[in-house]
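Thanks for coming. Please have the sequence and the model open while I talk, and stop me if you lose your place.

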Amino acid sequence: MKPKSFNQEPQNIIQSDSRNIYCFPTDVEDQNIEDVIVDSFGEEWEKFNQFSDHEINKIGNMYFDIIDDKIINSNTYGIDIGCGTGRWTKFLLDRIGFMEVVDPSKAIMAADKLLENKKNVRLSMASTDNLPFNDETFDFGMSIGVLHHIPNTEKALKHCVNKIKKGGYFYVYLYYNFESRGIVFKTLFYVVNTMRRMISRLPTRFKKWVCDAIALCVYMPIVLIGRFISFIGFKKIAKVLPLSMYQHCSFYIIRNDALDRFGTSLEQRFSKEEIRDMMIKAGLEQIVISESTPYWHAVGRKL
Ligand SMILES: C[S@@+](CC[C@H](N)C(=O)[O-])C[C@H]1O[C@@H](n2cnc3c(N)ncnc32)[C@H](O)[C@@H]1O
């Protein structure tokens, strides 16, 4: 499958060992991007860019439980918006025709490495408000853990869905707002969120140390207790514990997510119904929101 032409000339082209990377301006009129966040993600993905196939597959199966061959197959032209290291593109690449891989930060260089030998991808530096493709270009689009870090999530989702063809699908993962959780979870979130606001303002190197310390001293003990409870047979109890998702993850992933969680100054959270509502407003129908972690991941169809 051949990619379509860009709808604008790239501002710059970076030549890596594997390919050209096309750079498009992010300082557009009415921009919807937080530069500090983009820089901070660039740093994050520079530090965490080694994911084994085993790890990608294990977590990928959780993210993509609602994606079947009708949605993605060898005829699908897709776009990964806010790709980071490109790990989820890597997970899907054997099943998809071609993927445009897009991120405004220097994370794109990490994606270039992770997707080193892959032919059915093209990499671009661009943001949701200046995606260099005509509207109604793609059969499938996805944005995983991105739009809640953008000032106007609803508008960003609309911009992404505009690029999807009629009959195509858009998949999104957005942080949940603990709407169904009890007072203990909500209080815990309040404490964590206050910490995040403070930690995300620290100088980069110090921020990384603090997040590593949190991964080791806070995440790991809770995860190990959950693993033990699961091991002795109380799987249902283990599943409702905080950080239950990490019971299946390596310490590397936990460190990465601690930095993602505490190192980012702008983070928004949504209820399931708010996500459904934003997806409908963006032009999606037949919305399916997975009941499984990570909460909430959803897919809808543009009709
Ligand atoms: C938490 S990371 C998720 C990366 C990847 N999707 C994943 O799940 O591994 C968020 C990514 O969104 C990108 N991002 C931030 N603002 C953006 C924007 N306005 N448009 C597109 N991507 C953006 C960041 O550069 C970062 O790589």
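This is a predicted model: local features need pLDDT of at least 70, side-chain atom pairs count only at pLDDT 80 or more; totals for chains, interfaces and linings use all residues.

Start in the loop between β5 (121–125) and β6 (138–144), where you will find E136. E136 has a positive phi of about 55°, and E136 is not a glycine. The reason to mention such a value is that most residues other than glycine have a negative phi, and most peptide bonds are trans.

Go to the loop between β8 (284–289) and β9 (297–302), which holds P294. The bond leading from T293 into P294 is cis, and omega there is near -5°. W296 also lies in the loop between β8 and β9. A cis peptide bond joins Y295 to W296 as well, with omega about -20°.

Now step back to the chain as a whole. How is the chain divided into domains? Domain 1 covers 12–176 + 269–302, and domain 2 covers 183–262. Note that domain 1 is written as two stretches of the chain. Taken over C-alpha atoms, the centres of domain 1 and domain 2 are 24 Å apart.

Next, the interface. The size of an interface is often given as the accessible area lost when the parts come together. For domain 1 and domain 2 the buried area is about 1,700 Å², and carbon and sulfur atoms give 57% of that. In terms of residues, 21 from domain 1 are in contact with 17 from domain 2.

What holds polar partners across this interface? Seven residue pairs are in polar contact between domain 1 and domain 2, counting pairs with both residues at pLDDT 80 or more. On the side of domain 1 that touches domain 2, α1 (35–47) and α2 (53–63) each supply at least two residues. The largest share of that side, six residues, comes from α1. Sorted by type, the residues on that side of domain 1 are nine nonpolar, five polar and seven charged.

How many salt bridges does the rule find across the interface of domain 1 and domain 2? The rule finds one. For the model overall, the count is 18 salt bridges. K47 sits in helix α1 and D212 in helix α7 (residues 204–231), so to speak distant parts of the chain, 165 residues apart.

Last, the ligand. Which residues are closest to the ligand? They are G82, R87, W88, D103 and I144, out of 20 residues that surround the ligand. R87 has a side-chain N or O atom 2.7 Å from an oxygen atom of the ligand. W45 places a polar side-chain atom 3.3 Å from a ligand oxygen atom. With T128 the polar atom belongs to the backbone, and a nitrogen atom of the ligand is 3.1 Å from that atom.

Conventions
Residues are numbered from 1 along each chain as its sequence is written. Side-chain values use heavy atoms; hydrogens and water are left out. Domain bounds come from an automatic or database domain assignment. Contact means heavy atoms within 4.5 Å. Buried area is the accessible area (1.4 Å probe) that two parts lose on being put together, summed over both. A salt bridge is a side-chain nitrogen of Lys or Arg within 4 Å of a carboxyl oxygen of Asp or Glu. A polar contact is a pair of N or O atoms within 3.5 Å; within protein, one must be able to donate a hydrogen and the other to accept it, and residues adjacent in sequence count only if both atoms are side-chain atoms. Helices (H or I, at least four residues) and strands (E, at least two) are DSSP runs, numbered from the N terminus. Ala, Val, Leu, Ile, Met, Phe, Trp, Tyr, Cys and Pro count as nonpolar, Asp, Glu, Lys and Arg as charged, and the others, Gly among them, as polar. A residue is near a molecule or strand if one of its heavy atoms lies within 4 Å of it.
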